[in-house]
Structure formats: C-alpha cells, structure tokens
Amino acid sequence: MSNYKLKIAIAGATGYVGLDLVNLLSKHPKIKLVNLCATKNLGKQIHIFDKRLKKTLPKISRLNQVKWNEIDLLFLSLPNGAAHNIIKKLYYKYSHLKFIDLSADFRIKNHLIYKRYYKKKHNAKNLINNSLYSIAELKKKIITNYRIISNPGCYPTSIQLALYPLIKKKLIKFDDIIIDSKSGYSGAGKNYKKKFKYKNFGSATFAYSPMSHRHTAEMDQEFKKISKKIKFVFNPHLVPTFRGILSSIYIHKKKGITIYKIVDALKKFYSRDKFIKILKQNTHLGTGNVLNTNNCEISVCNTRYENKLVIFSAIDNLVKGAAGQAVQNMNLMFKLKETLGLK
Ligand SMILES: NC(=O)c1ccc[n+]([C@@H]2O[C@H](COP(=O)([O-])OP(=O)(O)OC[C@H]3O[C@@H](n4cnc5c(N)ncnc54)[C@H](OP(=O)(O)O)[C@@H]3O)[C@@H](O)[C@H]2O)c1
C-alpha cells in the first residue's frame with residue numbers, strides 16, 4: 001500500500017460539502033482524484049466554484065462516465081435520497097468498491113424511521129445493515145469491516161462528541177438534556193435560499209424545527225444504544241455566518257459528580273484523539289478556532305445552579321461535520337494515518 005494512491009470519485013463535487021472534500025483530498029498525499037461528478041456544469045473546471053482549488057483537477061463529469069473498475073472509493077455528497085439508489089446499483093457488481101455517504105441515507109437503521117423523517121422510501125434496505133454510522137473517534141476499531149460508511153450529520157457530530165463519554169460513564173442525568181445549536185447557513189447547502197425563505201436571511205438569526213429536526217432521529221438511535229432512558233430536547237438555529245456550529249448542551253450532573261470529574265472524563269476518553277480538544281473548565285468558546293479545521297473544541301462550564309452545567313461544543317459543519325470527518329473515516333477505513341491530509 002506504501003506508494004499506492006487511492007483512486008477516488010466524488011458524486012456531488014460542486015456542492016458546499018463536495019468542494020470542501022475536493023479541497024482536502026486534492027492535498028492528501030495518498031489520493032488521486034479521478035472523477036468529480038455533478039449533474040450541471042458538465043465539462044467545466046471545478047476551480048471556477050472555489051478559488052482554493054487547483055486548475056489541474058479533473059473537469060466536472062457525469063457519474064455514469066466513471067470507470068468503476070478503476071475506482072477504490074466513492075464519496076457521495078448528494079441531497080438525501082440519491083445515495084441509496086446509486087450504492088444499490090454498484091455494491092454487488094463491484095465488490096472491491098467502497099463508499100462513504102455524507103447524506104442521511106444510511107444513517108438510520110430502521111427504514112420506516114428514515115421514511116418518517118426524510119419523506120423518502122429507502123430502496124436499499126438490505127444494505128443498511130451492511131453500513132456503519134461512523135463518528136470517527138467512536139468507531140475506529142470496527143470501521144475496516146465495512147464497505148459502506150455513513151458519515152454522521154453535522155449537528156449530531158458536535159453533540160455526540162460532547163455527550164457520548166458522559167452518558168457512557170453515567171455522569172449525568174439521562175432525562176434532563178437540553179441542546180441549543182447554532183449553525184452557519186452553509187449547513188443548508190448551496191440552495192439555502194430556496195430551502196429557507198426567511199426574511200433578511202443572511203443577516204438575521206432563526207430558530208427552526210424544535211419539535212422534529214431530522215437529526216434527532218440519528219441521535220435517538222445512537223444514544224439509545226447506550227440507554228433507552230435518554231431524553232433530550234434539540235433546538236437548532238441558523239445564524240448569519242457561512243460556516244461553523246456551536247452547540248450549547250445543558251446537563252444535570254449526577255449527585256457527587258464535580259465539574260472536574262466531568263472534564264477529566266472527557267480528557268481521558270479523547271486522550272488519543274488528535275482532533276478533539278477538551279478545554280480547561282469554564283473556558284468561553286466560539287467557532288473561531290475550529291473554522292476550516294477538523295477539530296472539535298469542547299468546554300464544560302458552571303452555571304449559577306450547582307447541579308446544572310453547560311457544555312459548549314464547536315466544529316466546522318463542512319469539515320468535522322462533513323468533509324473532514326469523511327476523510328478521517330477514509331483514512332481509518334484504508335488503514336492510513338488517521339490525521340493524513342487533515343492537519
Ligand atoms: N452542508 C453541510 O454542512 C452538511 C453537513 C453534513 C452533511 N451534509 C450532507 O451532505 C450532502 C451534501 O450537502 P451540501 O450542503 O454540499 O449540498 P449542496 O450544496 O446542495 O450540493 C449538492 C451536490 O449534489 C449534486 N447533485 C444534486 N442532485 C444530484 C443527483 N441527483 N445526482 C448527482 N449529483 C447531484 C449537486 O450538483 P448539481 O448542482 O450539478 O446537481 C451538488 O454538487 C447532503 O446530503 C447534506 O445533508 C451537509
């Protein structure tokens with residue numbers, strides 16, 4: 001494997017996530033970008049969409065032009081509902097081929113819940129159990145067993161990284177978790193103006209979907225693997241900035257547990273994870289440090305009530321929340337150094 005370069009195709013290369021993927025992969029020492037696919041702008045150079053990109057990259061092409069025998073890995077960065085149909089066609093025919101899907105198509109194990117949240121019928125139900133939902137820090141030991149990796153949602157990445165160790169170690173009350181997340185508008189993709197028709201979009205802040213945001217489905221699923229008793233309220237907001245997510249997570253610590261114990265538990269859990277930075281307790285936190293990085297910064301702070309703490313978790317939605325984590329998953333999947341192309 002030492003001099004070999006993985007041959008990569010990207011479906012959805014011209015979207016916000018796709019362009020970040022192209023940017024990261026074009027600098028990755030063990031990668032050759034072979035096909036950059038979309039449905040529009042065929043034959044055009046990709047750098048016209050993003051000044052960071054080199055002029056020498058492949059031109060935009062259709063997915064049906066890809067020579068699959070020559071590709072090792074397909075990243076799918078498409079709107080929800082497209083990847084399951086594409087993977088279904090390729091999975092059995094090309095047994096060498098691996099997939100990293102950045103949409104929600106393989107995140108939800110129960111296809112009925114997928115249909116309820118995403119309003120789409122799943123056409124590759126048999127493949128859902130062959131896929132792995134992978135927050136990279138949490139799935140390192142088993143990721144090489146899978147050909148389909150489901151990259152988690154951006155909000156759930158910021159939230160689960162902060163909460164998973166504390167739930168696992170039973171340091172907090174399970175039925176009293178309130179999550180207030182703020183995201184830049186790139187989270188809605190390049191057609192954000194069609195998706196959100198709010199007045200003064202781009203200069204104002206909006207709360208949306210407090211009842212049933214789609215990302216609650218994958219968080220419910222993953223938390224319930226640890227305990228069926230977990231209850232959380234999740235309220236996302238759009239803020240007038242392009243990229244970045246800040247999740248403020250209000251928790252009730254268990255009796256006798258100190259803030260130091262909570263910070264210590266997080267530090268120990270992530271002691272070998274280069275991208276997770278656990279800050280000193282009571283450090284104020286924003287997205288500034290994490291933009292354009294694959295890092296997640298986490299800070300635990302006291303509130304005016306002894307038992308209540310707030311945990312701040314900051315990521316870049318397009319990097320650790322999407323393209324960066326997908327590259328990290330790829331590195332793990334192909335037994336490359338986890339941080340390669342990401343530092
Ligand atoms: N934005 C985020 O922060 C974020 C974070 C985590 C996960 N995700 C997920 O990642 C995926 C991509 O998100 P995004 O924000 O990059 O979306 P986007 O900006 O809307 O880009 C979508 C891309 O898919 C292509 N495309 C659309 N329909 C297609 C089809 N039927 N066949 C092939 N290509 C098609 C588009 O190209 P054309 O315009 O040429 O059709 C474009 O390149 C979504 O599933 C999203 O939920 C996004």
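Because the model is predicted, local features are reported where pLDDT is at least 70 and side-chain atom pairs count only at pLDDT 80 or more, whereas totals for chains, interfaces and linings use all residues. Residues are numbered from 1 along each chain as its sequence is written.

The protein has 10 helices and 14 strands, where helices (H or I, at least four residues) and strands (E, at least two) are DSSP runs numbered from the N terminus. Its radius of gyration is 20 Å, close to the 20 Å that the globule rule gives for 343 residues, so the protein is as compact as a globular protein of that length; the radius is taken over C-alpha atoms, and the rule is 2.2 Å times the number of residues to the power 0.38. Along the principal axes, the C-alpha trace spans about 60 × 45 × 40 Å. Of the 343 residues, 43% count as buried, a residue being buried if 20 or more other C-beta atoms lie within 10 Å of its own, exposed if 12 or fewer, and partly exposed in between, with C-beta atoms placed from the backbone. Among contacts between residues at least 6 apart in sequence, 72% join residues at least 24 apart; two residues are in contact if their C-beta atoms, placed from the backbone, lie within 7 Å.

The protein is divided into domain 1 (6-152 + 321-333) and domain 2 (155-317), with bounds that come from an automatic or database domain assignment. The centres of the two domains, taken over C-alpha atoms, are separated by 25 Å, and the contact takes 19 residues from domain 1 and 22 residues from domain 2. On the side of domain 1 that touches domain 2, the elements that give two or more residues are helix H3 (111-118), helix H5 (136-139) and H10, and H10 gives the most, with 5 residues. By class, this side of domain 1 has 11 nonpolar, 5 polar and 3 charged residues, where Ala, Val, Leu, Ile, Met, Phe, Trp, Tyr, Cys and Pro count as nonpolar, Asp, Glu, Lys and Arg as charged, and the others, Gly among them, as polar.

In soluble globular proteins, nonpolar side chains tend to be buried together. Here the largest nonpolar core has 82 residues, and those with the most contacts inside it are Ile8, Ile10, Leu21, Val22, Phe75, Ala323 and Ala326; such a core is a set of buried Ala, Val, Leu, Ile, Met, Phe, Trp, Tyr and Cys residues joined through C-beta atoms within 7 Å. The largest share of this core, 8 residues, comes from helix H10 (residues 319-333). Domain 1 and domain 2 both give residues to the core, so it lies between them. Alanine 323 touches Val17, Asp20, Leu21, Leu24 and Leu318, not counting residues up to four places away in sequence.

Two further helices show how buried positions are arranged. In helix H2 (residues 83-91) the buried residues are Ala83, His84 and Ile87; seen down the axis of H2, they fall within an arc of 90 degrees, so they line one face of the helix, the arc being that of the directions from the helix axis to the C-beta atoms. What covers these buried residues includes strand S4 (73-76), strand S5 (98-101), helix H4 (125-128) and strand S7 (148-150). In helix H5 lies alanine 136, which is buried, with 27 other C-beta atoms within 10 Å, and which touches Gln325, Gln328, Asn329 and Leu332, not counting residues up to four places away in sequence.

Lysine 109, in the loop between S5 and H3, counts as partly exposed with 15 C-beta neighbours inside 10 Å, and, leaving aside its neighbours within four places in sequence, lysine 109 is in contact with Ile128 and Gln221. Lysine 121, in the loop between H3 and H4, counts as exposed with 12 C-beta neighbours inside 10 Å. In the loop between strand S12 (276-278) and strand S13 (296-302) is asparagine 282, and asparagine 292 also lies in the loop between S12 and S13. Asparagine 282 has a positive phi of about 65 degrees although it is not a glycine, while asparagine 292 has a positive phi of about 60 degrees. Asparagine 282 is exposed, with 12 other C-beta atoms within 10 Å, whereas asparagine 292 counts as partly exposed, with 14 C-beta neighbours inside 10 Å.
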